[in-house]
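Visitor: I have a structure on my screen and would like to learn how to read it. Could you walk me through it?

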Amino acid sequence: MITRAGFLAALVAGALLATAPARAAEPVTVFAAASLKNALDEIAGAYAKAGNPAPRVSYAASNTLAKQIEQGAPADLFFSADLDWMDYLAKQNLIRPDTRVSLLANSIVLIAPRDSKAEVRMGPGLDLAAALGPGRLAMGNVEAVPAGKYGKAALEKLGGWAGVKDKVAQAESVRAALLLVSRGEAPLGIVYATDAAADANVRIVATFPADSHPPIVYPVAVTKDSANPDPASFLAYLRGPTAKAAFEKQGFTVLNRSATAQQ
């Protein structure tokens, strides 16, 4: 039998539960390629301004981020600068394949410090020796960092790798390579066109032909072990008009091709 005191206590408890604020949604953790920083910072800010939890974005080279996810780092979304590192995680069943999207495309360019007079004829028989002088060519690690792998492939295709392979300053990410040129510590560097556009202290000397390297595609996917209910919402936002405008402002080409559309 319910007493009057018990009834009143239950009534008060129910009222408290009804008026208690809902638990705040957990911010989405995004592991993103370093070259995405300018665009993704803007997009994350707009997403938060729209009333959503501000995403937590960790930037590094795609290979570094993929290895961290492999080792159990708590990422909800992986945004890679190439297909290889997304495929690497997919083969280990560490992403949700139905969420995978090839979102962006990019290009690679040869850059120099803003005041440099360096000139290079881009094409077969490419020779960077004269423009480099005693300096070194700044690139992402050519065996692991996507921009470094694309750069090496392009140099090999154009016949310029043999002349520079012993003069390469290999950086941990494409943004680190950009910084070497921006600071004047390297006379030339290979970065994405979007990186060059983001730094007023460098200029583009030449653009590598699109057929000199594999297509530069940025895939994004939800990680398999994500327990956060919101990654799908932010992924949809990345595919929407606000994000598209931010990506294009930085010089990316928006592909927005889902995994099912590519099959």
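Visitor: In which sense do strand β1 (residues 29–33) and β2 pair, and over how many bridges?

Guide: Strands of a sheet pair through backbone hydrogen bonds, either parallel or antiparallel. Here β1 and β2 pair in the parallel sense, over five bridges. For example, Thr29 has Arg56 in β2 as its bridge partner. Two strands count as paired if DSSP finds at least two bridges between them. Helices (H or I, at least four residues) and strands (E, at least two) are DSSP runs, numbered from the N terminus.

Visitor: What should I know about the model before going on?

Guide: The model is predicted, so local features need pLDDT of at least 70 and side-chain atom pairs count only at pLDDT 80 or more, while totals for chains, interfaces and linings use all residues. Residues are numbered from 1 along each chain as its sequence is written, and side-chain values use heavy atoms, with hydrogens and water left out.

Visitor: What is the strand order in the open sheet of six strands?

Guide: The order is β2-β1-β3-β10-β4-β11, with mixed pairing. At the edges stand β2 (56–60) and β11 (253–258), each pairing on one side only. From one strand to the next, the twist averages 15°. Axes here are lines fitted to C-alpha atoms, for helices over the stretch in contact, and angles run from 0 to 180 degrees between N-to-C directions.

Visitor: Which strands does helix α2 (residues 37–49) lie across?

Guide: Helix α2 lies across β1, β2 and β3 (77–79), running at about 180° to β2. Helix α3 (residues 62–70) packs on the sheet too, touching β1, β2 and β3, and its direction makes about 145° with that of β1. Contact means heavy atoms within 4.5 Å.

Visitor: Which residues are buried in helix α10 (residues 231–238)?

Guide: They are Pro231, Phe234, Leu235, Tyr237 and Leu238. Seen down the axis of α10, these buried residues fall within an arc of 155°, so they line one face of the helix. Buried means under 20% relative accessible area, exposed over 50%, partly exposed in between (1.4 Å probe, protein chains only). The arc is that of the directions from the helix axis to the C-beta atoms. Elements covering the buried residues of α10 include β1, α2 and α11 (241–249).

Visitor: What is the order of the open sheet of five strands?

Guide: Its order is β7-β6-β8-β5-β9, again with mixed pairing. The edges are β7 (168–171) and β9 (202–207), each with a single partner strand, so one side of each is left without a neighbour in the sheet. Neighbouring strands are turned by 35° against each other on average, direction ignored. Strand β5 (residues 108–113) and β9 run antiparallel, joined by five bridges. There, Pro113 stands opposite Val202 in β9. Helix α6 (residues 146–158) packs on this sheet, touching β5, β6 (137–140) and β8 (188–192), and its direction makes about 125° with that of β6.

Visitor: What are the buried residues of helix α8 (residues 174–182)?

Guide: Val174, Ala177, Leu178, Val181 and Ser182 are buried in α8. Seen down its axis, they fall within an arc of 140°, so they line one face of the helix. Just after α8, Gly184 takes a positive phi of about 80°.

Visitor: How many helices and strands does the chain have?

Guide: The chain has 12 helices and 11 strands. Of its 263 residues, 48% count as buried.
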